[in-house]
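Hi,

Here is the structure I said I would pass on.

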Amino acid sequence: MNVSPPADLLGRAVLAIPGNSGNTVRRAYGVVRSSSITAKSVAQHGLARLSRRAVFSDAERGAALVTPRRDVLLVHGDPRVGNNAGEGFNVAWLTSELRAQGADVQAAQFDHVSYDGVRLLVDGVERPLPEAVLVRRMPRSGTNEDLVRLREHGVHVTNDPAALRYANKADMEELFTAHGIAHVDTVVARGAADLDVAEQRFSYPMVVKDPAAAGGLGVELAADRSQLEAHVARMSAAGDGRVVLQRYHPEAQGRVTRVLFVRDRTGALQARAGWVGHGPSSDFKSNGPSSGITRRLAVSGPRLGLPADAIDQARRATDAAGLDSCAVDVIWTEDGWRVLELNPSPAIIEADVNLPRSAQMIPNLVDFVLRGTRSATPAGG
Ligand SMILES: Nc1ncnc2c1ncn2[C@@H]1O[C@H](COP(=O)(O)OP(=O)(O)O)[C@@H](O)[C@H]1O
Ligand SMILES: [Mg+2]
């Protein structure tokens, strides 16, 4: 471990000196950032596992120099597929924010990335392991387990690809039930018998959802059994056979409250922003074709725009899924606030509601990717 850091890393390097406080180090070397990698972790894990983080010994000062994370692989959805129309825009925005915060970025589509435990291939070309991977979106039909294996090699993977499957409303239902999240009463229908179960629990009109759809597209009201059967037949044929049936809450009045969570540097899920969306009074969906009326809501600080326990349910749902960032929809019902759905890869709508930068998803997410540590429980755990 007797290597000199390349000149271009000097100003950005972070010192980790056993026994010295961070402030002493910062004063002595003019270091502006601290890193989650300590000299102790170098000793424990060895240089090989941390190699791409450029660890250098500095014999004179008795220090190990570690660069902040800066080589980032951004994994995204296919902009040409269905609901992903805005994906190209999101990738461009994330890329420029990552660069602005000091990262080198390579962007690739989820199915162009593979890792067998030794070789990481991106667009068919082998590349060194990055310091961090940001998984923006996976296909609703699948996942890429290769990516999470990178964690075994010290790569900071933001958004466990397995957790991103909770974009599916049928998977969500299982998660909410397993973790006791206060959520909208739901039956996942796999066959005709389940329609009878739903009829016993909910009266008409009943909400029928295509589990894999988003943006208000696969959400319908069924006024009676024949409409229910027609929606179910269409949606189950289009997907994996599962259809989500829900109690309809007219008292929500077509309003949905959305809370945005992103982990902070210590790995804690912070509510960053909240807003209310609703369509015209004729539409029970907040995000139907004529939606877009939004109002901001305080989700932290002394004057919360919705009850603290509603925010807490939304946070617990995000944590249960194992997500590092998520927009959670909640609605007001006669039974209290209820979680409606998770949006693990929300369309980035900060611009619509003019959030300050401190509340926006992208700068917070990039900060976590470059400087955060993840101590959260894994998906389903
Ligand atoms: N069970 C329900 N009761 C009342 N309104 C609902 C219910 N489910 C959905 N909605 C309305 O429909 C909108 C879209 O449903 P949601 O489950 O969030 O799906 P999407 O993924 O399309 O956003 C919600 O924002 C809400 O306004
Ligand atoms: Mg929604």
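I'll start with Ala 108, which touches Leu 73, Val 75, Val 113, Val 122 and Asp 123 once residues up to four places away in sequence are left out. Do bear in mind that this is a predicted model. Ala 108 sits in strand E5 (residues 104-109). His 76 is 32 residues from Ala 108 in sequence, yet the two C-alpha atoms are 6.3 Å apart in space.

Asp 123 takes a positive phi of about 50 degrees although it is not a glycine. Most residues other than glycine have a negative phi. You'll find Asp 123 in the loop between strand E7 (120-122) and strand E8 (125-127). Is Asp 123 buried or exposed? With 10 other C-beta atoms within 10 Å, Asp 123 is exposed.

Asn 159 is also a non-glycine with a positive phi, in this case about 70 degrees. Its loop runs between strand E10 (156-158) and H6. Asn 159 has 28 C-beta neighbours inside 10 Å, so it counts as buried.

While you are checking the backbone, look at Tyr 204 and Pro 205 too: a cis peptide bond joins them, with omega about -5 degrees. Most peptide bonds are trans. Pro 205 is in the loop between helix H7 (192-201) and E12.

Now the overall picture. The protein chain has 11 helices and 19 strands, and 42% of its 381 residues count as buried. Of the contacts between residues at least 6 apart in sequence, 63% join residues at least 24 apart.

On to the packing. The largest nonpolar core has 63 residues, and the members that touch the most others are Val 75, Val 133, Leu 134, Leu 147, Val 259, Ala 317 and Val 328. Domain 2 (71-161) and domain 4 (251-371) each give this core at least three residues. There is also a second, separate core of 16 residues, with Ala 222, Leu 228, Met 235 and Val 243 among them.

Just after H9, Gly 322 has a positive phi of about 85 degrees.

In H6, the buried residues are Lys 169, Ala 170, Met 172, Glu 173, Leu 175 and Phe 176. The cover over these includes strand E11 (186-189), E12, E14, H9 and E19. After H6 comes Gly 180, with a positive phi near 65 degrees. As background for reading both helices, an α-helix has 3.6 residues a turn, so residues three or four places apart point the same way.

Which of the 22 residues around ligand 1 come nearest? They are Gln 246, His 249, Val 256, Lys 285 and Ser 286. The shell is made up of 10 nonpolar, seven polar and five charged residues. Strand E12 (206-209), strand E14 (243-247), strand E18 (325-333) and strand E19 (336-343) each contribute at least two residues to the shell. By domain, at least three shell residues come from domain 3 (185-248), and at least three from domain 4 (251-371).

Last, Asn 343, which lies in strand E19. Asn 343 has 18 C-beta neighbours inside 10 Å and therefore counts as partly exposed. Leaving aside neighbours within four places in sequence, Asn 343 is in contact with Cys 326, Ala 327 and Asp 329. Ala 327 is 16 residues away from Asn 343 in sequence and 5.0 Å away in space, C-alpha to C-alpha.

Cheers

Key:
Residues are numbered from 1 along each chain as its sequence is written. Chains are lettered from A and ligands numbered from 1 in the order in which they are written. This is a predicted model: local features need pLDDT of at least 70, side-chain atom pairs count only at pLDDT 80 or more; totals for chains, interfaces and linings use all residues. Helices (H or I, at least four residues) and strands (E, at least two) are DSSP runs, numbered from the N terminus. A residue is buried if 20 or more other C-beta atoms lie within 10 Å of its own, exposed if 12 or fewer, and partly exposed in between; C-beta atoms are placed from the backbone. Two residues are in contact if their C-beta atoms, placed from the backbone, lie within 7 Å. A residue is near a molecule or strand if its C-beta atom, placed from the backbone, lies within 6 Å of it. Ala, Val, Leu, Ile, Met, Phe, Trp, Tyr, Cys and Pro count as nonpolar, Asp, Glu, Lys and Arg as charged, and the others, Gly among them, as polar. Domain bounds come from an automatic or database domain assignment. A nonpolar core is a set of buried Ala, Val, Leu, Ile, Met, Phe, Trp, Tyr and Cys residues joined through C-beta atoms within 7 Å.
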